[in-house]
Amino acid sequence: MKLQDISLPSPIHSVRYKDYTWDMKRDDLIHPYISGNKWRKLKYILQDAQQQNKNHLVSFGGAYSNHLVALAYAGYLYQVQTTAFVRGDEMLQNDQLDFCKRHQMRIIQVSREAYRDKETLYQKHYSNDPLTYYVDEGGMNLHALPGCAEILDEFTETYDHIFLACGTGTTFAGIVNACQAKNISTHVHGVVVLKTSKDIFLTTQSIFQNINRNYPHYTLHDNYHCGGYAKKNESLLQAINLFHEQNPGLQVEPVYTGKVLLALIDLMDRQLLSPSSKILMIHTGGIFPK
Ligand SMILES: *Cc1c(COP(=O)(O)O)cnc(C)c1O
């Protein structure tokens with residue numbers, strides 16, 4: 001495996017917001033393109049594919065998918081072929097897709113309708129191809145969990161609370177599992193960026209079957225999505241702006257990490273979270289370099 005481009009362990013920096021301070025795990029610094037949790041998720045997926053002698057990873061996403069950017073670059077680094085089914089009814093063209101194509105990812109655009117049944121799409125194109133490996137949207141895969149769990153091995157102290165964004169919930173599941181396995185009582189807060197957390201449990205059922213639902217140390221916060229996936233509102237944008245002013249050189253974006261920021265400061269403002277507890281926010285990346 002060629003690992004020289006991946007920078008681990010990622011640093012932990014102290015950040016500020018108004019009078020609050022907490023730690024931030026800078027997974028956004030792991031790699032400019034295989035950023036944040038995307039490397040954590042892909043690491044053992046790539047290994048599993050390799051062990052099964054598969055040389056072609058096939059995945060799915062929207063036109064701005066951080067996962068597809070990461071997959072394209074990882075495929076390019078490890079000399080594995082990549083293909084993506086990209087959802088969209090209109091002509092799709094943007095920096096992310098251009099980047100994917102430049103790194104030899106084959107893009108197959110499909111309608112939103114067809115996209116809904118990813119398994120069928122895959123079967124239609126690849127049922128007779130023994131060399132392809134299926135990677136679900138967002139890198140959701142059982143083999144993604146151990147890589148996400150490894151974040152905990154990089155901590156130098158035990159936190160009272162960990163906050164992170166939940167898209168498919170895969171990263172969250174990996175971390176909750178790891179806390180449980182290590183028998184530490186860190187409370188893990190998943191900030192759901194989609195409209196309902198039910199979506200998460202539906203789309204990631206197989207992943208969540210691995211979580212003990214009676215485990216008392218996790219919370220899914222489903223009231224900070226600001227209207228749904230990639231939706232924004234004034235308080236979100238204000239929080240991000242102030243955070244940028246107070247933490248030069250650090251960037252959060254409104255789709256994932258900005259919503260985690262919003263949850264954290266709201267819980268502290270409402271004194272549901274003590275600012276004196278040891279808090280860590282995971283910066284899961286998501287900033288496409290200009
Ligand atoms: C993909 C992504 C997530 C979502 O991770 P899941 O494991 O799907 O919950 C969170 N943050 C950023 C920046 C992402 O790109």
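These questions and answers cover a helix pair and a sheet in a predicted model.

Residues are numbered from 1 along each chain as its sequence is written, and side-chain values use heavy atoms, with hydrogens and water left out. Local features need pLDDT of at least 70, side-chain atom pairs count only at pLDDT 80 or more, and totals for chains, interfaces and linings use all residues.

Colleague: How are α1 and α2 oriented to each other?
Modeller: Helices here are DSSP runs of H or I, at least four residues, and strands are runs of E, at least two, numbered from the N terminus. The axes of α1 (residues 37-51) and α2 (residues 66-78) come within 10 Å and cross at roughly 45°. Axes are lines fitted to C-alpha atoms, for helices over the stretch in contact, and angles run from 0 to 180 degrees between N-to-C directions. Under 35 degrees is roughly parallel, over 145 roughly antiparallel, 65 to 115 roughly perpendicular and the rest oblique, so α1 and α2 are oblique.

Colleague: Which strands stand at the edges of the sheet?
Modeller: Six strands form an open, mixed sheet in the order β1-β2-β10-β7-β8-β9. Pairing takes at least two DSSP bridges between two strands. Each edge strand has a single partner, so one side is left without a neighbour in the sheet; the edges are β1 (12-17) and β9 (218-221).

Colleague: What is the bridge partner of A165 in β8?
Modeller: Strands β7 (residues 161-166) and β8 (residues 187-192) pair in the parallel sense over six bridges. In β8, the partner of A165 is V191.
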